[in-house]
Amino acid sequence: MTYSAPVDDILSALNSAVGLGRLTAQGLYDGLDTDTIRAVLEEAGKFGAEVLEPLNGPGDRAGSKLVDGRVVTPPGWKDAYTAFAEGGWAALPGPEAYGGQGLPEIVSTATAE
């Protein structure tokens, strides 16, 4: 079974729990709208489906190991983390001046889904 991000469900939760659609419509987040949030969630879903999901089973079987005082992750995880970092996923809520995207923390949290 392949992963498919439940983008509509996530947006619904963001709107009902924190009123994100209302807040963006009121201009609380300068230049941010629901379409942009949807696009970010969809891209995060693609990353999860194309990069992370294929590693889940093999990663569970191999597991991480402590070898000579260093943690060795299952095959593929180092490259996946590098792609995650280079894609800026960890920096979504960070200030743009420091390489972030200045998105609300709640959007960053939702991409972790």
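## T111 in helix α5

T111 belongs to helix α5, residues 105-111. Helices here are DSSP runs of H or I with at least four residues, numbered from the N terminus. The model is predicted: local features need pLDDT of at least 70, side-chain atom pairs count only at pLDDT 80 or more, and totals for chains, interfaces and linings use all residues. Residues are numbered from 1 along each chain as its sequence is written, and side-chain values use heavy atoms, with hydrogens and water left out.

T111 counts as buried because its relative accessibility is 15%. Buried means under 20% relative accessible area, exposed over 50%, and partly exposed in between (1.4 Å probe, protein chains only).

## Surroundings of T111

A polar atom of the T111 side chain lies 2.6 Å from the backbone oxygen of S108. Neighbours within four places in sequence aside, T111 is in contact with V40, L41, A44, W89 and L92. Contact means heavy atoms within 4.5 Å.

## Helix α1

Helix α1 covers residues 7-18, and its end C-alpha atoms are 16 Å apart. That agrees with the 16 Å its 12 residues should span at 1.5 Å a residue. The expected span is 1.5 Å times one less than the number of residues. G19 follows α1, with a positive phi near 65 degrees.

V7, I10, L11 and L14 are the buried residues of α1. They cover an arc of only 100 degrees around the axis, so they sit on the same side of α1. The arc is that of the directions from the helix axis to the C-beta atoms. Their cover includes α2 (20-25), α3 (34-62) and α5.

The face turned away from the buried side carries exposed D8, D9, S16 and A17.

Conventions
Helices (H or I, at least four residues) and strands (E, at least two) are DSSP runs, numbered from the N terminus. A polar contact is a pair of N or O atoms within 3.5 Å; within protein, one must be able to donate a hydrogen and the other to accept it, and residues adjacent in sequence count only if both atoms are side-chain atoms.
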